[in-house]
Amino acid sequence: MADQATPTGVTSLDDESWDPFELFDRAMGSDTCRDPYPEFAELRRAAPVQKVDLVKLMGEGAKALGDNLPTVYAAHSYAAVSEVLRDGKRFSSGAYKDSIGLVMGPTILVMDEPEHGRYRSLIQTAFRSKALQKWEHDLVRPIVHGYVDAFAGRGSADLVRELTFPFPVYVIAGLLGLPKEDLPRFHRWAVGLISVAFDFANGLAATKKLADYLTPIIEDRRAHPKDDIISVLTHAELEGTRLDNEHVLGFLRLLLPAGAETTYRSSSNLLFGLLTHPEQLEAVRRDRSLIPRAMEEGLRWEAPLTGIGRLCTQDTEVCGVKIPKGAMVQVVLGAANHDEARWEEPTKFDIFRPPKQHMAFAFGPHRCLGMDLARMETEVVLNAVLDRLPNVRLDPAAEDVHITGRIFRAPRRLPVVFG
Ligand code: HEM
């Protein structure tokens, strides 16, 4: 599979002539939506929840599906999005079983209660603040500063390619306790997996490669536990039994898109927001206690993932709109985060706005498990940029630097100069 040309022209995940960023950039090729927010606003103003006209959206493709055309609704207001996400009984995560579930195997992302809660609790403690302090010191800071070391003396850099894109995969690899010499290969497979929405063939190929690579390591940790996530998973007990390899693998595969891609995007979006608003960047540089507010505003303003999905399990109603059993529901986090009923001038990036809960990490039973880790990683990155790149600013010679993507959003590059 991996050796056949894929739609994006990437021929093999093991071809060392591709560096991981090029592999990813190529897979992302056609996602050129620059600003989905005017459309989100129009839809949200029309109705908090509405039926999606698939024929209008997909044209002939939809007609070809005939009676198999799914019924799809979309939730755009903050109130509608929180109501759907809060209620895992009416709105099931089983929606993912036939898409991302095929690539990842059994994961908490596709489970409903009570199964979901049981599996989630097995890993939850590993992501609590005590573990985070140790990881910040032993893992995240050395990785981030290692990347900054490579360009700090140069006076210019592309912060996406040289920092925000690579570092989160290496953090995940560190959490898993993978040997250093395997990291370049692991990075390429991770990129194959996280590009699955744009290149399904490479996503499947990466799934297989990761399974072949990780299975012996899982077996080793069963016999000789270490201080890493694989050991936590292999020794966690669920009703007296231990997780089998498939469930451990499913969880490990989930960590790549859930933990690496989102963090790359959110830290890039925050840096973009600050670099394009130099007075706010300066305020944060002078007063680091503003970092948490800046991070939350970055996540609200440009959520790295603008939408997630649920399956409606019963005839119901949300914000006065009827949704039939069996309908798919698009939960548009990006639209909820720009709801003018909740935020004044929502399209404006303003780290000084009063703090309020946003939807970038979702809500309810599936609320992001890694959000404290993501926050810690972003804080380390921002401090490293502010401490080590004096007077950092967007390269005035660079044209048209912008955030792009309809569902997954980030800038493709962040050329900066400093010193
Ligand atoms: C800023 C960065 C991040 C954002 C914006 C983000 C966003 C999200 C969202 C929206 C969900 C809900 C998905 C759904 O229900 O359909 C989610 C779930 C999840 N996230 Fe994150 N995430 C981030 C970072 C991380 C990190 C660093 C990790 C771990 C290494 C992580 C692990 C997970 C896991 C395991 C789930 C599944 C939780 C469940 O189903 O119960 N995430 N994340």
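Reader: What does the side chain of histidine 366 have a polar atom 2.6 Å from?

Author: A polar side-chain atom of histidine 366 lies 2.6 Å from an oxygen atom of the ligand, where a polar contact is a pair of N or O atoms within 3.5 Å. This is a predicted model, in which local features need pLDDT of at least 70 and side-chain atom pairs count only at pLDDT 80 or more, while totals for chains, interfaces and linings use all residues. Residues are numbered from 1 along each chain as its sequence is written, and side-chain values use heavy atoms, with hydrogens and water left out.

Reader: OK, and which residues come nearest to the ligand?

Author: Of the 30 residues around the ligand, Tyr96, His116, Arg310, His366 and Cys368 come nearest, and a residue counts as near if one of its heavy atoms lies within 4 Å. Tyrosine 96 has a polar side-chain atom 2.6 Å from an oxygen atom of the ligand, and for arginine 310 the distance from a polar side-chain atom to an oxygen atom of the ligand is 2.8 Å.

Reader: Which protein atom is the donor of the iron atom?

Author: Cys368 (SG), at 2.3 Å, is the only protein donor of the iron atom of the ligand; donors are N, O and S atoms within 2.8 Å of the metal (3.2 Å for Na, K and Ca), and water is not among the atoms, so sites may look incomplete. Cysteine 368 sits in the loop between helix 17 (333-336) and helix 18 (371-388), with helices (H or I, at least four residues) and strands (E, at least two) being DSSP runs numbered from the N terminus.

Reader: Which helix gives the largest share of the shell around the ligand?

Author: Helix 14 does, with seven residues. Helix 7 (115-124), helix 14 (245-275), strand 7 (308-312) and helix 18 each supply at least two residues of that shell. By class, the shell has 20 nonpolar, seven polar and three charged residues, where Ala, Val, Leu, Ile, Met, Phe, Trp, Tyr, Cys and Pro count as nonpolar, Asp, Glu, Lys and Arg as charged, and the others, Gly among them, as polar.

Reader: Changing topic, how many salt bridges are there?

Author: A search of the whole structure finds 29 salt bridges, each a side-chain nitrogen of Lys or Arg within 4 Å of a carboxyl oxygen of Asp or Glu. One of them joins the side chains of arginine 34 and aspartate 400 (2.8 Å, N to O).

Reader: And which parts does that pair tie together?

Author: Arginine 34 is in the loop between helix 1 (20-28) and helix 2 (37-46), and aspartate 400 is in the loop between strand 11 (393-394) and strand 12 (403-404), so the pair ties together parts that are 366 residues apart in sequence.

Reader: What about the backbone, where is the peptide bond cis?

Author: The peptide bond from glutamate 113 to proline 114 is cis, with omega near 0°, and proline 114 lies in the loop between helix 6 (100-104) and helix 7. Cysteine 319, although not a glycine, has a positive phi of about 50°, and this cysteine 319 is found in the loop between strand 8 (316-318) and strand 9 (321-323). For background, most residues other than glycine have a negative phi, and most peptide bonds are trans.

Notes:
A polar contact is a pair of N or O atoms within 3.5 Å; within protein, one must be able to donate a hydrogen and the other to accept it, and residues adjacent in sequence count only if both atoms are side-chain atoms.
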